[in-house]
Amino acid sequence: MRRTLDTVAGLLAALTLTCAAHAADFRVGLIAVADDPRLDRDRLERAYLGHPGGSAADGLNLALDDAAFELEAADRRLGLVETEVASVEAARAAAARSVKEGAVVLVVDLPAPWVLAVVDAVRVPVINVGEAADALREADCRANLFHTLPSERMRADALAQTLVERRWRKVLLLVGSTPADAARGAVVEAAAKRYGLMVVAKKPFRRSADPRERDLANPQLLTGGNDYDVVWVVDSDGEFARALPYRTAQPRPVVGDGGLVALAWHAQFERFGAPQVSRRFQKAAGRPMVAQDWAAWLAGKAAVAAVLSGDDKGPAKLTGLALDGSKGVALAFRPWDGQLRQPLLLTDGQGVVTTAPVDGILHPRNALDTLGADEAEKRCAHPH
């Protein structure tokens with residue numbers, strides 16, 4: 001009897017080793033900025049709406065942990081390899097090295113020029129989880145570049161639709177003094193025009209320690225002298241926008257980067273299994289899940305789905321996947337620009353006020369495509 005048991009144990013061990021030897025082994029590489037200034041402690045403590053709350057690795061690890069059983073059942077393994085880089089040259093080299101070492105998908109949390117350096121250095125899919133610049137979806141798009149974070153235009157369209165629904169048509173636009181603010185302000189003006197909103201005035205603001213420039217960031221002065229339904233603030237830094245609600249010359253709502261903000265995710269979203277996702281993330285990372293974390297989690301889910309849908313030689317194409325992002329609808333990458341089509345959540349920081357696209361916004365095929373550049377606009381020359 002003892003010999004029989006030993007024989008059975010030996011056969012089981014041999015079978016386990018054989019299965020492990022035949023398991024398909026894949027890697028996803030994460031490339032992020034070393035000493036990322038967005039993650040400085042003082043900025044994280046302020047928790048600006050729309051800004052990252054921590055490392056993209058937290059969301060990716062959650063996605064891989066969620067899929068562990070499914071991957072094991074399919075005899076697949078998917079590991080995460082993280083690399084931090086301090087320059088565009090280092091990002092390019094890290095991408096090439098990661099693919100050479102077996103990465104089948106790269107996830108990047110990098111500035112736009114660094115993203116382009118990475119995607120031009122490799123042929124595998126690159127998923128952007130941290131950069132909202134529309135140029136990466138339009139003039140600077142690439143056939144192997146995908147985006148789980150909503151673009152600036154998607155966020156502006158979501159807010160513009162909401163203002164139309166609420167009949168807040170007269171907009172006072174406040175725009176910061178940085179080049180990023182100027183570019184984002186132009187996106188807002190285009191969205192206002194697209195949805196029939198009227199920008200009654202556009203005013204610049206600048207935060208400064210110089211007493212002579214104090215009036216350039218005075219909410220009472222900036223919001224006085226005009227008749228408007230809503231104040232739309234564009235503030236990439238976040239400090240001015242955070243302090244603007246309840247300080248306007250007229251008692252009006254604030255939207256944009258303060259007040260009501262359009263985001264990919266908020267930890268207080270309470271539908272479609274979202275609370276369970278947020279709780280798992282909170283438990284694993286020790287902090288609330290923000291939009292960039294959701295984008296990283298979704299990138300991990302996309303990598304998992306591609307590996308499960310592919311074969312031992314490689315993953316399936318990302319554009320053919322239907323993904324569950326706990327937002328109530330199937331999500332997919334748009335074939336014309338690589339952007340993940342998705343509903344957006346509009347939040348005041350305390351909870352989710354509403355979602356976009358709003359009811360009544362029509363589209364010939366998919367209402368989600370009213371957020372961001374549509375196929376007919378042909379802004380990307382590299383179909384996915």
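Asn144 sits in the loop that links strand S4 (126-128) to strand S5 (145-147); strands here are DSSP E runs of at least two residues, and helices H or I runs of at least four, numbered from the N terminus. This is a predicted model, where local features need pLDDT of at least 70 and side-chain atom pairs count only at pLDDT 80 or more, while totals for chains, interfaces and linings use all residues. Residues are numbered from 1 along each chain, and side-chain values use heavy atoms, with hydrogens and water left out.

**Around Asn144**
- Asn144 counts as buried because its relative accessibility is 15% (buried means under 20% relative accessible area, with a 1.4 Å probe and protein chains only).
- The Asn144 side chain gets to the backbone oxygen of Val122 at 3.3 Å.
- Leaving out residues up to four places away in sequence, Asn144 touches Val119, Val122, Arg123, Val124, Pro125, Val126 and His384 (contact means heavy atoms within 4.5 Å).

**H3 against H12**
- Helix H3 (residues 56-66) packs on helix H12 (residues 291-309) at about 40 degrees, with axes 7 Å apart (axes are lines fitted to C-alpha atoms over the stretch in contact, and angles run from 0 to 180 degrees between N-to-C directions).
- On the H3 side, the contact includes Leu60 and Leu64, and on the H12 side Trp297 and Val304.
- That H3–H12 contact splits into 9 nonpolar, 2 polar and 3 charged residues (Ala, Val, Leu, Ile, Met, Phe, Trp, Tyr, Cys and Pro are nonpolar, Asp, Glu, Lys and Arg charged, the others, Gly among them, polar).

**H5 against H6**
- Helix H5 (residues 88-100) and helix H6 (residues 112-121) pack at about 30 degrees, their axes 8 Å apart.
- Val88, Ala91, Arg92 and Ala95 of H5 meet Pro113, Trp114, Ala117, Val118 and Ala121 of H6.
- This H5–H6 contact has 8 nonpolar, no polar and 1 charged residues.

Notes
Buried < 20%, exposed > 50% of the residue type's maximum accessible area, 1.4 Å probe, protein only. Polar contact = N/O pair within 3.5 Å; in protein donor to acceptor, adjacent residues only side chain to side chain.
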